[in-house]
Amino acid sequence: MDLDPYDVKRVAEKMVGSLLSDVELFRKTYGNRPLLMIGDIKNRTSFGIDTAWIADSLRKMLVRSRIFRLADNTTRTQTVPQLLLFGSLVEMDERIGGTVGRHFKLSLFLKDLKTGEYVWSDEGEVRKERK
């Protein structure tokens, strides 16, 4: 019951779609093309998953959207990001009758760095089952 990276990518794509559906709210609050930084996606599973590829995938989708400007968190710049996108990948095991299920949940949060307020969040699941 390994986690397929493409399953997680599909979940991440849906979540980015959810984030982008609030574009007018972001523009009213932060102006045209707010500056966003992508933080860590923490791996809280028992698998040695490199979650940096999830962050890279999110970054690519958001850059292509042209709705946000993305800050580079690897270099120091004069411009301070307005928003921080971060999250976690967790796993949960479940047994129903003779079926063992493993659920992987990707949670993302968007935080206003000036106020500390969470302005958006979403989560998506990938389910794996075996008899």
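Predicted model: local features only at pLDDT ≥ 70, side-chain atom pairs only at ≥ 80, totals over all residues.

Residues are numbered from 1 along each chain as its sequence is written, and side-chain values use heavy atoms, with hydrogens and water left out.

Next I followed the two strands. Strand 3 (residues 83–96) runs antiparallel to strand 4, with 14 bridges; strands pair if DSSP finds at least two bridges between them. The two form a hairpin with 2 residues between them, and Gly97 in that turn has a positive phi of about 60 degrees.

Is strand 4 enclosed or open? I found 11 of its 14 residues (99–112) buried, so strand 4 is largely enclosed by the rest of the structure. Buried means under 20% relative accessible area, with a 1.4 Å probe and protein chains only.

Then I stepped back to the whole chain. I see 3 helices and 5 strands, in the order α-α-β-α-β-β-β-β from the N terminus. These are DSSP runs, with at least four residues for helices (H or I) and at least two for strands (E). Of the 131 residues, 40% count as buried. The C-alpha trace spans about 55 × 30 × 25 Å along its principal axes.

Last, I checked contacts (heavy atoms within 4.5 Å). Among those between residues at least 6 apart in sequence, 69% join residues at least 24 apart.

Key: Buried < 20%, exposed > 50% of the residue type's maximum accessible area, 1.4 Å probe, protein only.
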